[in-house]
Amino acid sequence: MSHEHQALINELPHVTTKLANKQKIQALLDTGASSNIIDPTWANRLNLTTRKLTKPIHCKTGDGTMSEITHACKVKFIIDGEPFTLSALIAPFTLTSAIILGMPFINNHPNILRSALKTMVQPSELVPWRTIRNDITNKNNEVTIYVRISTSDSSTEPPSEITKEFGDILVEKIPAHDEHTKTIHHQITLKEGATPVFQRAYRMAEEERKALEDELKDLMKDNKTSPSDSPFAAPVIYVKKKDGSRRLCVDYRRLNEITVKAKYPIPLIDDLFDQLRGATIFSKLDLVSGYHQVPIAEEDRYKTAFITQRGQYQWNVMPFGLTNAPATFQRLMNHVLRDYIGEFCIVYLDDILNYSKTNEEHIKHIRKIMEALRAHHLFAKKSKCSFFLHQVGFLGHVINATGIHSDPEKIECIKNWIAPKDNKSCQRFLGLIGYYRRFIKDFSTIAKPLREYANDKSKKIKWHEQQEFAFEKLKRALLEAPVLKPFDNNLDVVVTTDASDTAIGGTLELYKDGKFYGVVAYMSKALHGHELNWPIREKEFFAIVCCLEKWRHYLLGKKFKLYTDHQSLKYVLTERSFKLRLARWWDDLADYNFKIIHIKGKNNHVDALSRLNAIDTESTERTISRISLDPQHLTTLRKEYQKDPELSVIYSNLQKATPLPQKLVTIIKHYSIKDGLLYYSAKIPFDSRLVIPKGTIRQTLMHLHHDSLLAGHPGSFRTYQNLVHDYYWPNMVSIIEQYTKTCPQCQRTKHARVLPSGIFQPLAVPYRPWSSIGIDFVSGMKEVHKFNSVLVVIDRLTKMARFIPTKKTLDASDCADLLINHIICHHGVPDEIVSDRDKLFTGKIWDRLRQRLRIHLKFTTSYNPASNGQTERTNDTMRKIIASYTNQHATDWPMYCSVAAFAYNNTYQSSIKTTPFFANYGFHPRLPGFTNPILDHSQNNEEQQTPGTLQSNLDYHLQALQNIMVSIQTNMADAQDHQSIHFNKRHRVTNFKVGDSVLVHKDAYNNKPYTKFHHLWYGPFKIIEKMGDQTYRLNSQLGNRRTNTFHVRRLKLYHQRQHNSNNVPPTEYKNKLHLIERVVRTFRNSTCEVQWSNAETWDTSILPLHIIFNSEYRHLLDPYYDPVTKELTVTSS
């Protein structure tokens, strides 16, 4: 088994299990295994009863080897005291563990994996079992199981003698306070004329800042960093690694731009492989934090300075992200092992491969390498080293005793490419293969059947042997010369990447003299879990990272071009800051020397590879997952297909090949029929959905996904999303929207997502003072001298107010006396009184007073305070003024009512732009205190004034009062206009008709406490009269309310669900005109849209106008008839 596979297994979690024979073993929890597997030796040792599979299962191991599994068994074991019984396949080879617990077990018991990982792994982070199931099931229903195996003569553990002798350098972490190697120092040479680069520190969260401080303490303790006052400063990003730990990343992009690139060559791969002839045993070594074992030259350390929010530091050892770090590390390893390279050792950057012909020879070779590492003060990481391997993966090749083989992963994505299922996927395949067409002989002839299939929009051409043969032949052409070529370091290298919503892909290609030469490798990888939620820019960036990491051995030390069709990635290397995920990736790319070039999407041939491993959401038949359809339902469904006026034509055509109307020619390709059921296929991922015709089944489905207890009355969009995965019918969105709109419960419990009803409609500006007054009672104060409320009276023109103490038990007669004594006797009889619908103002005594004094009463709408807004605001002002005069427990508030009224009347009002006092009397009152002697007219000698002078002054005073009235009326009208503009922006015009059904808001219907879970709206009720522009009277008294008249703001139109979805509009109109409820609109082409009384409101029909016009039902067209022109008005084009 390859080192990569073995190292991966070492990192996977294990769990201790107790078998039936009470023996404890380590079971491997493998999220990459698509089934539970047991080692055949352990199956025999436990005497398990085996059974033969009815059909062999193909098994693919991690190194690409194919085998067959023919037997399975049941295994009983205990984990942490909990017993388990599961079915397991018996592997045909030796496993690394006695039992491999794959995704079927992990998905059912995720807590066991969490415990094994010792971290909280959410189930969403695991690869979904349905995804693996789809990926491993081919069209013949043959299952491919992916497992990892080992050979009995391979070991990752070092021999005991090596461990004892070199335990000081086979470690997991560099020993603290240890000196760094003195063999080589990393130098940073700047370009001529370069100046220090200084950047500000990036902002960090508090948690990141504290973690960074702790790591800096550890780095300084290990002598890896030290404080600095350098003129250089690079910002720091503290990012999370895949294992959840954090890594310090320094943004050295600006420093790398002014650094002279090192010329030290990276070894050629072909030259390295020439040394492996005859080798049979291999070991791989990996250094601990390799870069951190290389010191930086003291004179260059200040150039590595980085800045944090706590200060500035510099590196003493070589950090990640410096442009020449790979060359320095290669130079170090070549120097340390120069006596052994080519003899029994290969070094490529941080990969050390030791090879020998015999075990005895191999032990000696390992000892020499270890001694060399110790002499140069270098340390190897024990857990990442593999010893005595008979097959090893190295630099993209598989090496064993038989020779050097190309890594099958380079072409695996092409080899496993399944045949296209539709013309779209076939077009993608032709797009990729067409890019290499000049290397494929007779390409046009071979590809002709595929082109015909891909271009057939009517789907008349099916996938047959002719297309399958062409597909396999072209696929083989991608895997053979002259398309596939070995890597040549002397040619130009181009990497092309792309990403789709669900997968990424790329190619590594060679160019000679500017012309395409061949492909070295292909890459395609599906995205899973949280990766699917990344924005497209991050998916495109991730494609670049994966390709460069996969082909690292080809690309390090070589300048190359990188093509992408995502334009913003051109500037990714020069951005000032990154998201943390991008910062971690950028740190991985700092070792490469490449230029990103944007190409148009249509020119990106990798598009097919970026969709090759996408999760296959297509299926030939979808099961109905939300509702169980028994045979009776299926029979009903087939009958309703024939009744549906639109689907019946399609259904008959697919069943009996009947003639098809021209309008259905382009859409028939989306439909198919199987077992008498109609299916609809359009775009992925919602293919092969069951078509539901008009009738009971459709009504039941919408009820289950909206009205049922488990559905929870979602909105139209969510109801649609719940249904669209499995079902389809024409106009599905609008039909579901109408269904949810007419839901009685939703209408009563949900807020309307529109502007509030009712625009601003102020009362007319009065023509003189005290001609129109507003009255209201204010209560809630403590009873003093039998007073416990205040009667507030306000002149609507001048805003002058009277605050009259009174009592709650006041009757209509007492209220009339107060009005006569305090208002009428001082200001005359008003023309109108504006009040709410208090019982005092609606009684017989008040009505007789109104008749005798000829006063017009105007009542505001219940539960709409804005109708008498001026009085409501005056009430609030009065309360504040009196509260400022008294203490919290006032016992003398009645004596302050007159003083409060004077203060209010002598206060400037913005709506009239003066004080109410001045508006009434034409002068400002004299207040106690100092008086301006210039304005004090009390000393004027009245004897010196002649009658003419007095008359002149009187005329002047009257004219001034008249001017004041005109000015006040103008200011008040302007204020109303200004207020209406702002108010109407946040409200809408709503009109109801007599006979409409409406709901009443809970505040106006049932103003009781503890109504948190009560309906927001009550009803429906019928409108029986329109009382005003925005006031309506309903058909009965509502609840315990005293009125049935409401403002439009407290009403909402009720949409009646007709429950007649089984009925459809008639196809023959002549004898069905009596079923027309109304004409919705008329058109220019002499047709009209009509609504039927026996169908849903949205289920309308288009009829010729003359059919209605020449019938006894022509009155239906009256709303559109113009008596002047004597023609019908066209309302829509």
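This report describes selected helices, sheets and backbone angles in a predicted model of a protein.

## Overall make-up

The protein has 1133 residues, and 47% of them are buried. Its secondary structure comes to 34 helices and 46 strands. Among contacts with a separation of 6 or more, 68% join residues 24 or more positions apart.

Strands of a sheet pair through backbone hydrogen bonds, either parallel or antiparallel.

Strand 33 (residues 787–795) pairs with strand 34 in the antiparallel sense over 6 bridges, and serine 789 has threonine 806 in strand 34 as its bridge partner. Strand 32 and strand 33 are also antiparallel, joined by 8 bridges; here glycine 774 stands opposite isoleucine 794 in strand 33. The pairing of strand 32 with strand 35 is parallel, over 3 bridges, and isoleucine 773 stands opposite isoleucine 833 in strand 35.

## Positive phi angles

The hairpin of strand 32 and strand 33 has 2 residues between the strands. One of them, histidine 785, takes a positive phi near 55 degrees. Lysine 786 is also found in the loop between strand 32 and strand 33, and its phi is near 70 degrees, a positive value in a residue other than glycine. Is lysine 786 buried or exposed? With a relative accessibility of 64%, lysine 786 counts as exposed, because the cut-off for exposed is over 50%.

Phenylalanine 388 has a positive phi too, near 55 degrees. Phenylalanine 388 lies in strand 19 (residues 386–389). The relative accessible area of phenylalanine 388 is 16%, so this residue is buried, the limit for buried being under 20%.

## Helices 23 and 24

Two packed helices are described by the angle between their axes and the distance between the axes. For helix 23 (residues 716–724) and helix 24 (residues 732–741), the axes come within 9 Å and cross at roughly 130 degrees. That angle makes helix 23 oblique to helix 24. The crossing of helix 23 with helix 24 is right-handed.

Which residues of helix 23 meet helix 24? They are Ser716, Thr719, Tyr720, Leu723 and Val724, and they meet Met732, Val733, Ile736, Glu737 and Thr740 in helix 24. The residues of this contact divide into 6 nonpolar, 3 polar and 1 charged.

Helix 24 has these buried residues: Met732, Ile735, Ile736, Gln738, Tyr739 and Thr740. The buried residues of helix 24 pack against helix 22 (696–707), helix 23, strand 31 (727–728) and helix 25 (744–749).

Another open sheet of 5 strands has the order 40-39-38-37-41, with antiparallel pairing. Its edges are strand 40 (1045–1047) and strand 41 (1051–1053), each with a single partner strand, so one side of each is left without a neighbour in the sheet. The twist in this sheet averages 50 degrees from one strand to the next.

Tyrosine 1032 has phenylalanine 1046 in strand 40 as its bridge partner.

## Strands 43 and 44

Strand 43 (residues 1087–1092) and strand 44 run antiparallel, with 4 bridges joining them. The bridge partner of threonine 1087 is proline 1104 in strand 44.

In a regular strand the side chains alternate between the two faces of the sheet. Strand 44 (residues 1101–1104) has Ser1101 and Leu1103 on a covered face, and Ile1102 and Pro1104 on an uncovered one.

Key. Residues are numbered from 1 along each chain as its sequence is written. This is a predicted model: local features need pLDDT of at least 70, side-chain atom pairs count only at pLDDT 80 or more; totals for chains, interfaces and linings use all residues. Side-chain values use heavy atoms; hydrogens and water are left out. Axes are lines fitted to C-alpha atoms, for helices over the stretch in contact, and angles run from 0 to 180 degrees between N-to-C directions. Angles under 35 degrees count as roughly parallel, over 145 as roughly antiparallel, 65 to 115 as roughly perpendicular and the rest as oblique. A crossing is left-handed if the near helix is turned anticlockwise from the far one by less than a right angle, and right-handed if clockwise. Contact means heavy atoms within 4.5 Å. Ala, Val, Leu, Ile, Met, Phe, Trp, Tyr, Cys and Pro count as nonpolar, Asp, Glu, Lys and Arg as charged, and the others, Gly among them, as polar. Buried means under 20% relative accessible area, exposed over 50%, partly exposed in between (1.4 Å probe, protein chains only). Two strands pair if DSSP finds at least two bridges between them.
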